[in-house]
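Trainee: Could we go through this structure together? I would like to begin with its core.

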Amino acid sequence: MEIRSPEFQAMSERVLKANELTAQLNGLPFGDEKGRADLLEQILGQPLPADVTIYPPFFTDHGLKLELGERVFVNQNCTFLDYAGIRIGPRTMIGPNVTFITAGHPVDPAERKLFLTGAPIDVAENVWIGAGATILPGVSIGRDAVIAAGAIVAEDVPAASLVTGPKATVRREW
């Protein structure tokens with residue numbers, strides 16, 4: 001997405017609005033469930049599905065491209081950078097401090113400030129994502145999978161599997 005384009009300008013405006021709404025959400029008393037539901041509806045652009053639980057603080061850069069299934073649980077201090085789209089399947093549990101990132105920048109330093117890259121994240125049904133995990137752009141996580149605490153998920157995860165550990169390795173040099 002070209003940074004000078006009308007599409008980027010619209011995204012920038014939405015990011016400011018989403019940040020304003022999430023700041024209000026995160027400032028509410030914990031027991032204000034109605035206020036929380038009302039703000040989350042504005043952030044997501046639709047009412048929450050049945051039995052979704054989101055504990056603040058909660059962060060999103062866009063909100064309108066975050067799709068939550070029924071009975072999803074999101075613990076405290078999670079971040080959803082959802083511009084390219086995030087789908088969380090029903091009955092998924094997300095531990096505290098989990099980060100979902102759908103946007104990025106080109107690796108080439110000359111292009112890095114010119115445009116954004118990105119790809120959607122798709123999490124199937126009944127997944128458990130442990131505390132502090134990071135899910136990167138373009139990842140799909142299969143049904144019944146478990147993502148261990150602190151894992152960095154850069155590749156698709158098969159159904160009914162456990163993934164663990166960091167994944168940082170040198171891929172290329174310039």
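Predicted model: local features only at pLDDT ≥ 70, side-chain atom pairs only at ≥ 80, totals over all residues.

Trainee: Which residues of the largest nonpolar core touch the most other members?

Mentor: They are Phe80, Ile88, Phe100, Ile129 and Ile141, out of 33 residues. Such a core is a set of buried Ala, Val, Leu, Ile, Met, Phe, Trp, Tyr and Cys residues joined through side-chain atoms within 4.5 Å; buried means under 20% relative accessible area, exposed over 50%, and partly exposed in between (1.4 Å probe, protein chains only).

Trainee: Which element supplies the largest share of this core?

Mentor: Helix 2 does, with four residues. Helices (H or I, at least four residues) and strands (E, at least two) are DSSP runs, numbered from the N terminus.

Trainee: And which residues of helix 2 are buried?

Mentor: Gly35, Arg36, Leu39, Leu40, Ile43 and Leu44 are the buried ones. They lie on the same side of helix 2, because they cover an arc of only 150° around the axis, taken from the directions from the helix axis to the C-beta atoms.

Trainee: What covers them?

Mentor: The cover of these buried residues includes helix 1, strand 1 (53-54), strand 2 (58-60) and strand 3, where contact means heavy atoms within 4.5 Å.

Trainee: Changing topic, how many aromatic pairs are there?

Mentor: The count is four. Rings of Phe, Tyr and Trp (its six-membered ring) pair if their centres lie within 6.5 Å; planes under 30 degrees apart count as stacked, over 60 as edge-to-face and the rest as tilted.

Trainee: What is the geometry of the pair of tyrosine 55 and phenylalanine 73?

Mentor: Tyrosine 55 and phenylalanine 73 are edge-to-face, at 5.3 Å centre to centre with 85° between the planes. Tyrosine 55 is in the loop between strand 1 and strand 2 and phenylalanine 73 is in strand 4 (residues 73-74), so the pair ties together parts 18 residues apart in sequence.

Trainee: Is tyrosine 55 buried or partly exposed?

Mentor: Tyrosine 55 is partly exposed, at a relative accessible area of 27%. Phenylalanine 73 is also partly exposed, at 25%.

Trainee: Which residues form an aromatic cluster?

Mentor: Phe30, Tyr55 and Phe73 form one.

Technical notes: Residues numbered from 1 in each chain as written. Heavy atoms only, no water.
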